[in-house]
Amino acid sequence: MTVPRQQTLGGEAALEGRGLHTGQPASLRFRPAPADTGVRFRRVDLPGEPEVPASLANVVSTELGTSLAVGETRVHTVEHLMAAVGALGIDNLLVEIAGPEVPIADGSFVPFFELLAGAGLVEQDAPARVLEVTTPISVDGPNGFSYAVVPAPVLRVSSTIEFD
C-alpha cells in the first residue's frame, strides 16, 4: 500500500472581501508551507504578525461560525476555507490575513476551493497523517445534538438538521 504524502500549494493565491459577521474588509494571501507546518493563519494586520494554527485546540467559538484564537489573536469564520483545504487534501498552508475574519465570498466553500486548486498542489517529502476510524464512536451533546462516526472504506459524510 502506498503511503499518502503531505501536500501544499504549488504557488500563491489571494482573495479580498468582507467578513460576514464583522462586516470588516479582509484580504487573504495563500502561500505554500513546509512539511509538518499544518495550516496556519498569520494576522499580518497586527503587530508582530502573530500566528494561529488551525487546530481543534484553538477553536474558541462555533456560534454562527468557527473562530480560532491563540491568546488575544483571533480569526473568525474559517469553516468554508477549511472545508476547501480539507477537500483538496492540503496539509500545509500559510494564510496571511489582514483583518479579523475570512471574507464570506459567495457564502460557500467553492471560491476558496477554486482559488486554491488554481494555485496547484505539490506533494511533499513527508507522509500524510491519516485518521482511520476502526470502531464506531458516538457523542450526545446538549439540546439534542448527536454525532456518530463509523468505520467505512471511503469517506462519506451525512448530516440532518431539524428546526422548530
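Which residues lie nearest the centre of the largest pocket? Select Tyr 147, Ala 148, Val 149, Val 157 and Ser 158, which hold that place among the 25 residues of the lining. Before going further, note that this is a predicted model, in which local features need pLDDT of at least 70 and side-chain atom pairs count only at pLDDT 80 or more, while totals for chains, interfaces and linings use all residues. Residues are numbered from 1 along each chain as its sequence is written, and side-chain values use heavy atoms, with hydrogens and water left out.

**The two pockets**

A pocket here is an open set of points on a 1 Å grid over the protein atoms alone, where a 1.4 Å probe fits, with protein on both sides within 12 Å along at least five of seven lines; lining residues have an atom within 4 Å of a point. The largest pocket has a volume of about 1,400 Å³, where volume is the space filled by probe spheres set on the points, with grid points joined across faces, edges and corners. Colour its lining by class: 16 residues are nonpolar, six polar and three charged. In this scheme Ala, Val, Leu, Ile, Met, Phe, Trp, Tyr, Cys and Pro are nonpolar, Asp, Glu, Lys and Arg are charged, and the others, Gly among them, are polar.

H1 gives the most, with four residues. By class, this lining splits into eleven nonpolar, seven polar and four charged residues.

**A nonpolar patch**

Select Ile 137, Val 139, Phe 145, Tyr 147 and Val 149, which make up a nonpolar surface patch with about 490 Å² of accessible area together. Such a patch takes residues with over 30% relative accessible area and no salt bridge, nonpolar side chains (Val, Leu, Ile, Met, Phe, Trp, Tyr) being joined within 5 Å. Areas come from the Shrake-Rupley method with a 1.4 Å probe, and for residues only the protein chains shown count as cover. Strands E11 (137-140) and E12 (146-149) are the elements that each give two or more residues to the patch. Ile 137, in strand E11, is partly exposed at 48% relative accessibility; the scale is buried under 20%, exposed over 50% and partly exposed in between (1.4 Å probe, protein chains only).

**Charged pairs**

How many salt bridges does a search of the whole structure find? The search finds nine, each being a side-chain nitrogen of Lys or Arg within 4 Å of a carboxyl oxygen of Asp or Glu.

Display Glu 12 and Arg 31, whose side chains meet in a salt bridge at 2.5 Å, N to O. Glu 12 is in the loop between E1 and strand E2 (13-18) and Arg 31 in strand E3 (residues 25-32), so this pair ties together parts 19 residues apart in sequence. Glu 12 is partly exposed at 43%, as is Arg 31 at 25%.

Glu 51 and Arg 42 form another salt bridge (2.6 Å, N to O). Asp 45 pairs with Arg 43, with the closest N and O atoms 2.8 Å apart. To see a network joined by salt bridges that share partners, select Glu 12, Arg 29, Arg 31, Arg 40, Arg 42, Glu 51 and Glu 96.

**Backbone details**

Glu 49 is not a glycine, yet has a positive phi of about 45°. Look for Glu 49 in the loop between strand E4 (39-43) and strand E5 (51-53). Ala 105 also has a positive phi, near 55°, and lies in the loop between strand E9 (93-98) and helix H2 (110-119).

End at Ala 119 in helix H2, which is buried at 15% relative accessibility.

Notes:
Patches are made of residues with over 30% relative accessible area and no salt bridge: like charges are joined within 9 Å, nonpolar side chains (Val, Leu, Ile, Met, Phe, Trp, Tyr) within 5 Å.
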